[in-house]
Amino acid sequence: MTVYSSNIGYPRIGEKREWKNALESFWEGTLEEKEFKEELDRLFLEGIRVQKEAGITHIPVGDFSLYDHVLDLLWTFDLVPDRFKNVNKTPLETYYSMARGTDGSEAMTMTKWFNTNYHYIVPEFENVTPSLKENRFLDYWKKAKQKLGVNGKVTLVGPATLVLLGKGYKETEKASWIQRLIPLYQQLLQQLDAEGVEWVSLEEPIFTSPLDQEVWKVIENGYAEIAKSCKNTKLLLQTYYEAVSDYKKVLSLPVDGFGLDFIHDKGETKEQLKKWGFPKGKVLAAGVIDGRNVWKANLTETSAEVKELLNLIDGDLWVQPSSSLLHVPVTAENESLPSFLEGALSFAKEKLGELKALESGIENNTSFKDYDKSFEAFVAAPLRHNHKVQEEIKELAQLKATRPPYELRAKKQQEKLKLPLLPTTTIGSMPQTKEVRRTRLKWRKKQITDAQYEQFIQEMTSRWIDIQEDLGLDVLVHGEFERTDMVEYFGEKLDGMEVTKFGWVQSYGSRCVKPPLIYGDVSLKEPMTVKESIYAQSLTNKPVKGMLTGPVTILNWSFPRHDESKEVVMNQIGLAIRQEVLALEDAGIAIIQIDEPALREGLPLREEEKEGYLKAAAYAFRLSAYGVKDETQIHTHMCYSNFNEIMNTIDDLDADVISIETSRSHGRLLQAFEDFHYEKEIGLGVYDIHSPQIPNEEDIISNIRASLRVLDEKQFWVNPDCGLKTRKEEEAIKSLQVLVKATKKYRASLIVEA
């Protein structure tokens with residue numbers, strides 16, 4: 001038995017987000033297709049080179065993408081919906097139109113990849129005829145082999161996960177669609193096998209969820225057929241994010257190795273292994289380094305874990321991350337952080353070093369005590385502990401954090417706000433132009449003074465208050481021009497949190513976020529948003545929403561501390577946000593929005609664990625608004641998740657108004673309201689802000705009309721499906737003009753009917 005190092009996936013964005021810049025330059029037409037492809041090839045090879053120089057034995061190929069790895073597979077199998085098959089478009093234009101929409105063709109649905117903040121393009125299986133169109137995986141493998149001499153481990157999403165995460169088929173057709181795709185996987189693998197590919201990893205994270213017997217039968221037969229396609233190529237079945245749901249069935253599949261998560265499995269995987277054993281002579285690819293968090297591993301403890309696993313198997317063992325390193329920043333080399341934090345961090349590049357150290361250290365029986373010293377010093381750092389916050393958390397055991405009945409609140413709020421039928425608003429952020437980003441950078445570099453920067457922010461706020469009034473919106477926002485990101489901004493201002501300089505992570509497409517580090521007990525230092533909100537409200541007689549990010553989202557979109565429960569950290573953040581909410585209310589802000597777009601993505605994959613998380617999440621949200629007056633209207637916002645299964649939790653948040661993204665999945669969410677009677681106010685996003693296309697007035701009216709079939713007109717708000725930060729000013733203004741015009745037209749028709 002031998003220990004080797006392996007990786008599942010590496011960040012594709014580049015150390016300075018070069019990948020993002022290339023995509024956006026190509027979309028804007030400032031980078032030609034030839035130069036664009038050359039730049040992406042360079043970034044792909046750079047990632048391979050870094051892993052090769054780190055000494056990783058099994059380097060993944062196929063994790064790199066032009067947009068999204070699921071979309072790449074849809075393109076490979078020609079699962080391209082008819083609406084994108086425009087003969088006048090180049091293949092690359094068609095590929096990106098699937099993700100971004102074009103010429104009146106609605107983009108494909110985008111949603112969260114399992115319980116992460118990465119978004120994938122949802123496969124559509126309606127009116128498509130799959131075939132092996134283009135083998136990009138083989139192309140990447142050849143480039144790595146020819147340019148760098150790396151015989152990479154080709155990785156792609158497996159057939160069960162691809163189908164079961166898709167839509168466009170009846171429930172009874174799931175198994176048949178998996179069966180239908182098996183021959184395509186066979187063809188693809190035969191091409192890889194013929195070229196000399198040594199390993200192919202089929203990623204099946206769907207195996208962490210229970211599957212019905214009919215589906216399992218097709219999976220078993222399908223993998224038997226897939227295995228026959230490979231004469232020399234070996235197959236690894238890769239799972240991650242939790243323990244597999246049916247260990248015995250998964251490990252009976254005819255492959256050469258199994259990738260299992262030993263970090264986020266809550267200890268279950270090792271217990272399964274001890275109880276049921278491991279197939280003789282097969283590879284165990286053990287996820288023993290956290291692929292989703294940024295704290296250094298304790299290699300003394302990890303090496304002991306690996307040695308224990310070696311005693312439980314009869315075959316080679318690969319040490320690898322628990323999941324793709326797509327979920328962490330590229331490298332900590334360029335960071336400048338407080339000294340107690342610097343020795344505690346391990347980003348993607350550093351995790352490669354940990355894997356190699358384990359590989360060689362176990363072989364040579366090396367001590368890891370010196371490596372572990374810096375993290376031990378971090379754990380003991382006094383700055384991580386706030387005894388006042390800890391006492392406040394203990395006192396919450398007796399607090400339910402509930403408000404008076406909604407009916408009472410709603411009456412008082414309408415008396416105060418006097419909003420029209422179908423009130424119009426936006427989600428919060430307005431376009432962050434190059435001028436905004438450039439001015440913020442000058443301020444950070446101290447090239448302009450604090451006063452100059454504040455004046456600029458006020459000028460932008462004033463300009464967009466005027467624009468919103470001219471458009472005729474009913475409830476305005478200040479635009480968030482002072483904020484980089486809806487979580488990073490608060491990470492800079494809360495105690496117990498720290499932000500990085502280059503810690504970017506891909507969220508969707510070219511959109512990257514910089515998750516803060518939660519290193520200790522969280523508390524509020526001073527008001528964070530009050531000054532900007534007061535200024536914006538002073539410019540208009542219309543209500544301006546105070547804009548905050550909620551405790552669940554701040555937790556889920558940060559890298560949390562390793563030594564405290566999610567529930568405790570959420571409540572610490574909830575108490576801090578509550579102080580800000582009460583300060584906004586005291587300042588005269590009548591509507592306060594506490595965004596929770598990440599509520600669902602923290603949902604455990606196991607059914608039996610979901611209820612506990614959802615109750616804790618709802619409590620943390622209610623805690624953040626606890627104590628406000630009845631007249632103060634609390635809003636929240638959620639986006640890009642499947643909300644149908646958590647309607648009870650959405651109701652349990654007890655927000656007065658909730659806005660939900662539905663532009664790419666309008667019909668499916670409306671079905672939930674047919675079954676669940678929702679009494680509070682709600683806005684179902686009526687157009688997709690992530691597409692550059694200007695919405696059509698009739699489409700917005702159609703979305704409003706469809707919504708009012710299941711919701712009362714007195715409940716309904718009209719809004720885009722998400723913030724407008726990433727849109728150009730012209731796109732945002734034109735889209736909002738259409739939104740207001742469509743709403744007024746529909747509002748008038750309701751009055752006439754009445």
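What follows is a set of questions and answers on this predicted model.

Student: How many residues are in the second, separate core?
Tutor: Its members include Phe481, Met497, Val544 and Met547.

Student: Leaving aside neighbours within four places in sequence, which residues is Leu162 in contact with?
Tutor: Leu162 is one of the residues that touch the most other members of the largest core. Its contacts beyond four places in sequence include Pro123 and Phe125.

Student: Is Lys680 buried or exposed?
Tutor: Lys680 sits in the loop between helix 25 (666-675) and strand 20 (681-684). Its relative accessibility is 8%. Buried means under 20%, so Lys680 counts as buried.

Student: Which side chain makes a polar contact with the side chain of Lys680?
Tutor: Beyond four places in sequence, Lys680 is in contact with Tyr406, Asp651, Asp654, Ala655, Asp656 and Gln715. The polar contact between side chains is at 2.6 Å. The partner is Asp651.

Student: Which residues are closest to the centre of the second largest pocket?
Tutor: This pocket holds about 1500 Å³ of space. Its lining has 49 residues. Elements that give two or more of them include strand 9 (283-289), helix 11 (299-310) and helix 22 (566-586). The closest to the centre are Ile263, His264, Asp290, Asn293 and Pro560.

Student: How many charged residues are in the lining of the second largest pocket?
Tutor: The lining divides by class. It has 18 nonpolar and 15 polar residues. The charged residues number 16.

Student: Which strand supplies the largest share of the lining of the largest cavity?
Tutor: There are 6 cavities of 30 Å³ or more, and the largest has a volume of about 470 Å³. Of its 31 lining residues, Met486, Arg511, Trp557, Cys722 and Gly723 are the closest to its centre. Strand 13, strand 14 (511-513) and strand 16 (544-549) each supply at least two residues. The largest share, 3 residues, comes from strand 16.

Student: Which residues lie nearest the centre of the second largest cavity?
Tutor: About 190 Å³ of space lies in this cavity. Its lining divides into 10 nonpolar, 6 polar and 3 charged residues. Strand 5 (153-157) gives the most, with 3 residues. Nearest the centre lie Arg12, Asp63, His69, Glu203 and Ser324.

Student: What is the phi of Ala401?
Tutor: Most residues other than glycine have a negative phi. Ala401 is in the loop between helix 15 (387-395) and helix 16 (406-417), and it counts as buried at 3% relative accessibility. Ala401 is not a glycine, yet its phi is positive, at about 60 degrees.

Student: Is Lys418 buried or exposed?
Tutor: Lys418 also has a positive phi, near 55 degrees. Its place is in the loop between helix 16 and helix 17 (434-444). Its relative accessible area is 63% and the cut-off is over 50%, so Lys418 is exposed.

Technical notes. Residues are numbered from 1 along each chain as its sequence is written. This is a predicted model: local features need pLDDT of at least 70, side-chain atom pairs count only at pLDDT 80 or more; totals for chains, interfaces and linings use all residues. Side-chain values use heavy atoms; hydrogens and water are left out. A nonpolar core is a set of buried Ala, Val, Leu, Ile, Met, Phe, Trp, Tyr and Cys residues joined through side-chain atoms within 4.5 Å. Buried means under 20% relative accessible area, exposed over 50%, partly exposed in between (1.4 Å probe, protein chains only). Contact means heavy atoms within 4.5 Å. Helices (H or I, at least four residues) and strands (E, at least two) are DSSP runs, numbered from the N terminus. A polar contact is a pair of N or O atoms within 3.5 Å; within protein, one must be able to donate a hydrogen and the other to accept it, and residues adjacent in sequence count only if both atoms are side-chain atoms. On a 1 Å grid over the protein atoms alone, a cavity is a set of points where a 1.4 Å probe fits but cannot get out, and a pocket is an open set with protein on both sides within 12 Å along at least five of seven lines; lining residues have an atom within 4 Å of a point. Grid points are joined across faces, edges and corners, and a volume is the space filled by probe spheres set on the points. Ala, Val, Leu, Ile, Met, Phe, Trp, Tyr, Cys and Pro count as nonpolar, Asp, Glu, Lys and Arg as charged, and the others, Gly among them, as polar.
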